[in-house]
Number of protein chains: 2
Amino acid sequence: MPAEKVNLAEKLAKVAETWSPKLVGTLDDYEIKVVKIHGDFVWHSHADEDELFLVLEGSFRMDFHDGSVELSAGEFLVVPKGVEHKPHAAAACSVLLLERAGVVNTGDAAPSARTVTDLERI
Amino acid sequence: MPAEKVNLAEKLAKVAETWSPKLVGTLDDYEIKVVKIHGDFVWHSHADEDELFLVLEGSFRMDFHDGSVELSAGEFLVVPKGVEHKPHAAAACSVLLLERAGVVNTGDAAPSARTVTDLERI
């Protein structure tokens with residue numbers, strides 16, 4: 001068989017930590033990831049890559065310097081390349097991410113405990 | 001505000017016809033589409049592009065020449081470039097598609113009533 005399906009709930013059940021994206025698939029040179037988020041992330045941007053956030057469970061807020069977007073399950077947002085943003089989740093939230101391979105979660109921000117450079121495949 | 005969210009249920013509510021993908025967003029040079037499917041599509045492949053199918057509502061079966069994959073809501077499949085495939089939905093099913101801009105739904109198959117070359121943005 002040339003391809004296997006991915007069940008997103010099954011993948012999410014394997015994710016314990018927050019703010020640690022896990023690879024669940026690839027498309028051309030793009031990566032499909034799932035991540036659990038809760039609380040505040042860091043302000044950052046990705047100079048050359050747009051970034052897709054699709055909410056799978058719960059809700060979160062994407063802060064921009066000129067406003068915020070509230071997102072709930074079944075809604076997505078594409079953050080344009082070069083635009084500073086900061087996710088914030090008041091309660092636990094599960095998100096599907098899709099972006100070009102090699103994008104680091106904290107973008108241009110100084111590396112921190114939140115920075116994930118070794119992407120685990122689950 | 002640099003980006004607007006997309007509510008997938010609201011977009012799907014605007015789609016009446018089946019097998020007619022509608023553009024709902026872009027990511028770099030990729031297109032995010034929604035499509036309603038019911039019944040049988042045509043065998044085809046896309047020589048240079050992988051194709052993501054994420055089921056939003058219902059279920060469908062992706063046929064390959066050496067087997068099939070059954071997909072339900074919350075599951076996705078990436079059909080690798082160059083691999084012949086044929087979606088089949090026994091009942092109405094809603095799917096999110098993501099693939100490089102310019103990919104035509106019927107791929108290398110002879111153009112037919114199912115072929116959509118003018119992608120409508122909704």
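These legends walk through several views of a predicted model with chains A and B.

**View 1. The fold of chain A.** Let's start with one chain on its own. Chain A is built from 1 helix and 9 strands. Followed from the N terminus, its elements come in the order β-α-β-β-β-β-β-β-β-β. The C-alpha trace of chain A spans about 45 × 30 × 25 Å along its principal axes. A compact globule of 122 residues would have a radius of gyration near 14 Å, and chain A, at 14 Å, agrees with that. Of the 122 residues in chain A, 33% are buried. Among the contacts in chain A with a separation of 6 or more, 64% are between residues 24 or more positions apart.

**View 2. How the two copies are related.** Here both chains come into the picture.

**View 3. The contact between the chains.** Chain A brings 30 residues to the contact, and chain B brings 30 residues as well. On the side of chain A that touches chain B, at least two residues come from each of β1 (6-7), α1 (8-13), β2 (22-27), β6 (67-72), β7 (75-79) and β8 (86-100). β7(A) gives the most to this side, with 5 residues. Sorted by class, the side of chain A that touches chain B holds 18 nonpolar, 5 polar and 7 charged residues.

**View 4. Strands that pair across the contact.** Zoom in on β7(A), and you will find a partner in the other chain: β7(A) pairs with strand β1 (residues 6-7) of chain B in the antiparallel sense, over 2 bridges. For Phe76(A), the bridge partner in β1(B) is Val6(B).

View 5. Strand β2 (residues 22-27) and strand β3 (residues 30-40) of chain B run antiparallel and are joined by 5 bridges.

**View 6. A parallel partner for β2(B).** β2(B) is also joined by 2 bridges to strand β9 (residues 120-121) of chain B, and these two strands run parallel. To find the pairing, look for Leu23(B), which stands opposite Arg121(B) in β9(B).

Methods. Residues are numbered from 1 along each chain as its sequence is written. Chains are lettered from A and ligands numbered from 1 in the order in which they are written. This is a predicted model: local features need pLDDT of at least 70, side-chain atom pairs count only at pLDDT 80 or more; totals for chains, interfaces and linings use all residues. Two residues are in contact if their C-beta atoms, placed from the backbone, lie within 7 Å. Helices (H or I, at least four residues) and strands (E, at least two) are DSSP runs, numbered from the N terminus. Ala, Val, Leu, Ile, Met, Phe, Trp, Tyr, Cys and Pro count as nonpolar, Asp, Glu, Lys and Arg as charged, and the others, Gly among them, as polar. Two strands pair if DSSP finds at least two bridges between them. The radius of gyration is taken over C-alpha atoms; the globule rule is 2.2 Å times the number of residues to the power 0.38. A residue is buried if 20 or more other C-beta atoms lie within 10 Å of its own, exposed if 12 or fewer, and partly exposed in between; C-beta atoms are placed from the backbone.
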